[in-house]
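Please keep the structure open as you read along.

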Amino acid sequence: MSSLSEGLTQILIPVAAILGIGFALLQWYLVSRVKLASNDSSNGYKEKLIESDEEEEGVNNLEMSIKCAEIQHAISVGATSFLFTEYKYLGIFMGVFGAIIFLFLGSVRGFSTKSEPCTYNQGNTCKPALANAFFSTVAFLLGGLTSVLSGFLGMKIATYANARTTLEARKGVGKAFITAFRSGAVMGFLLAANGLLVLFISISLFKLYYGDDWEGLYESITGYGLGGSSMALFGRVGGGIYTKAADVGADLVGKVERNIPEDDPRNPAVIADNVGDNVGDIAGMGSDLFGSYAESSCAALFVASISSFGISHEFTAMSYPLLISSMGIVVCLITTLFATDLFEIKKVSEIEPSLKRQLLISTVLMTAGIAVVTFFALPSKFTLFNFGTEKEVKNWHLFFCVATGLWAGLVIGYTTEYYTSNAYSPVQDVADACRTGAATNVIFGLALGYKSVIIPIFAIAIAIYVSFSLGAMYGIAVAALGMLSTIATGLAIDAYGPISDNAGGIAEMAGMSRKIRERTDALDAAGNTTAAIGKGFAIGSAALVSLALFGAYVSRAGIKSVDVLTPKAFIGLIVGAMLPYWFSAMTMKSVGSAALKMVEEVRRQFNTIPGLMEGRTKPDYANCVKISTDASLREMIPPGALVMLTPLIVGTLFGVETLAGVLAGSLVSGVQVAISASNTGGAWDNAKKYIEAGVSEHAKSLGPKGSECHKAAVIGDTIGDPLKDTSGPSLNILIKLMAVESLVFAPFFAAHGGLLFKFL
């Protein structure tokens with residue numbers, strides 16, 4: 001028996017979630033203290049950011065504040081209207097796909113309402129398949145709504161904080177850093193706490209119907225992960241196409257052709273570019289990590305429900321994944337205080353170490369937290385389901401499973417940082433390659449991306465071996481949860497990047513002094529690296545999550561083993577390995593065609609609007625925003641359809657074994673492509689920033705802005721944009737989503753799948 005009582009478990013989990021939400025609201029309040037006053041002018045409500053008396057001398061503070069508020073308002077309106085339009089489409093998708101789930105799962109037993117024998121807990125009766133169909137659909141809708149909410153709240157706080165960060169930069173880099181970081185923390189804690197709370201409430205409510213049928217209860221809960229990830233896919237792809245179309249258009253015409261700085265207000269695509277940071281890097285990333293979190297929890301809960309925990313109805317041991325997440329919220333809360341309250345940043349050089357310290361502190365504290373949870377929540381000995389057999393496991397085995405996942409995440413994070421930060425030789429070598437033009441820059445960047453795959457893959461491989469040896473499939477699911485247990489901190493340092501990027505853009509557009517722009521650039525460069533670390537975490541956890549889901553799928557579909565020597569499995573394997581390339585081709589081409597339209601529009605405005613280059617007239621920002629919005633909404637559908645339809649078609653026509661092959665193939669190739677694409681793009685971006693900043697003698701020899709070297713770096717950065725912000729990050733959703741979808745539909749595929757082979 002666990003030493004933690006069931007009653008206490010039911011109190012601790014929601015208390016941790018409410019604590020997380022409370023802490024997020026406190027951070028929001030602290031950010032909002034950068035004063036806002038409203039005045040009702042003739043053109044309606046206008047925001048003004050009013051500052052205290054510590055700024056630079058000789059600047060009209062009020063005028064500057066109003067300018068920043070106007071720009072912030074334009075970005076906020078653009079981001080909100082895009083997300084609302086996107087969510088309208090997603091609402092229709094959720095309705096249609098919810099109906100598909102209900103029809104497919106309901107038809108497993110011909111829509112019968114009679115109880116049936118349990119699949120695993122032999123000799124007992126379980127609730128009818130129709131109930132499973134209904135509750136899986138409800139869980140899917142709940143997961144989708146929570147995912148959308150996570151992304152939307154993240155975008156709201158980011159657009160709320162960007163101008164405040166700009167204005168705080170006038171007081172010093174430390175103040176600006178704290179504002180940006182606190183805003184990121186709001187998103188991190190809201191997402192982690194909301195995800196946990198909704199999942200816990202769903203389980204508690206579903207239990208009222210299911211009673212002792214835990215097998216059916218946790219099988220239907222897997223719909224929560226499917227809902228979270230399917231929204232994340234469209235959010236990531238749609239947001240990624242939006243942001244990169246604007247970014248590529250703004251860079252190619254503005255920087256390369258017209259030789260004007262990044263975020264110059266004369267550039268027509270500048271508002272669309274800044275809106276894109278919020279809808280792609282913030283809303284998309286939020287939904288993505290929420291999806292990983294929901295899926296790893298669902299995979300662990302499902303495997304536990306068919307193990308001794310579920311069969312003997314031990315609620316505390318069953319809730320082990322939720323207790324880990326609860327402990328994660330508490331640990332991340334303490335970790336955040338190190339960045340905002342315990343250490344003050346005084347110099348630019350302290351920014352990146354402070355962010356990296358967040359990862360290390362949270363990992364060390366979380367290791368102790370996992371030990372406490374494992375000792376109190378789990379019985380000393382129990383059995384776990386292991387492909388038809390029972391594996392006897394001790395509680396300390398699971399401690400090592402979770403800790404391995406957690407530390408593998410840190411290794412992936414630090415490796416990503418080494419390959420994408422301009423403080424280290426890999427990115428400096430890429431910058432140096434710009435001496436001989438864009439071609440050598442591209443060659444070096446691609447080589448760096450491929451090389452950066454090696455250590456993360458070994459880290460993932462070791463985590464898989466250790467966790468599977470100690471805890472079978474459940475071990476892998478909790479290792480994925482371990483990697484995501486510090487999600488609040490991971491997201492805080494990740495969301496910090498786009499907020500700083502926006503802050504720099506606002507400083508440039510508002511015409512602030514060079515000193516302030518240098519401060520925001522330093523924040524932004526550190527943010528670029530942390531964004532790459534965030535993507536590394538997302539991809540690493542996706543690999544573990546999808547493997548855990550794969551194991552759960554194989555168990556649920558009744559496959560004894562997946563033999564790659566059988567033609568059914570092998571054709572699945574080779575087709576699955578191809579899917580990430582097909583998906584990447586679609587998303588890259590989408591960015592390319594949208595960017596083409598954007599380049600033409602920006603050129604048209606520069607050529608036809610008189611006085612635009614001289615700064616006498618304003619460009620038509622709205623037209624560029626419209627081009628990005630239309631392109632992303634139109635182009636997100638084909639890649640999304642590829643991912644959502646593949647498991648349904650393969651499972652129905654070719655059966656469960658071929659689908660198992662497809663899942664294994666897409667996992668193996670998707671992880672490699674995703675890591676190399678994200679790191680190549682991140683390295684090219686930071687190589688460009690390294691040349692622009694000109695901090696070291698080496699960097700000065702390559703610069704300044706506008707030099708041939710710099711132009712070659714901008715071209716590399718532009719090629720890398722869709723790699724690092726559209727294709728790379730979306731691939732981790734591809735591998736997770738196909739696995740969780742297969743798990744949800746497994747009862748249908750096991751009963752009616754493989755139609756083609758039945759006729760052949």
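Let us start with a right-handed crossing, the one in which α5 passes α18 (right-handed: the near helix is turned clockwise from the far one by less than a right angle; left-handed: anticlockwise). On the α5 side, the contact is formed by Gly238, Ile241, Tyr242, Ala245 and Ala246, and α18 brings Val625, Ser628, Thr629, Ala631, Ser632 and Glu635 (contact: heavy atoms within 4.5 Å). By type, these residues are 6 nonpolar, 4 polar and 1 charged (nonpolar: Ala, Val, Leu, Ile, Met, Phe, Trp, Tyr, Cys and Pro; charged: Asp, Glu, Lys and Arg; polar: the others, Gly among them).

This is a predicted model, in which local features need pLDDT of at least 70 and side-chain atom pairs pLDDT 80 or more, while totals for chains, interfaces and linings use all residues. Residues are numbered from 1 along each chain as its sequence is written, and side-chain values use heavy atoms, without hydrogens and water.

Helix α5 also packs against α22, and the two pairings look like this.

| Helix pair | Angle | Axis separation |
|---|---|---|
| α5 (residues 214-257) and α18 (residues 621-635) | about 145° | 8 Å |
| α5 and α22 (residues 708-752) | about 165° | 8 Å |

α5 and α22 are therefore roughly antiparallel (over 145 degrees), and their crossing is left-handed. Their contact holds 17 nonpolar, 9 polar and 13 charged residues.

Elsewhere, α11 (residues 395-420) is mostly covered, with 20 of its 26 residues buried (under 20% relative accessible area, 1.4 Å probe, protein chains only).

Notes: Axes are lines fitted to C-alpha atoms, for helices over the stretch in contact, and angles run from 0 to 180 degrees between N-to-C directions. Helices (H or I, at least four residues) and strands (E, at least two) are DSSP runs, numbered from the N terminus. The expected span of a helix is 1.5 Å times one less than its number of residues. Buried means under 20% relative accessible area, exposed over 50%, partly exposed in between (1.4 Å probe, protein chains only). Angles under 35 degrees count as roughly parallel, over 145 as roughly antiparallel, 65 to 115 as roughly perpendicular and the rest as oblique.
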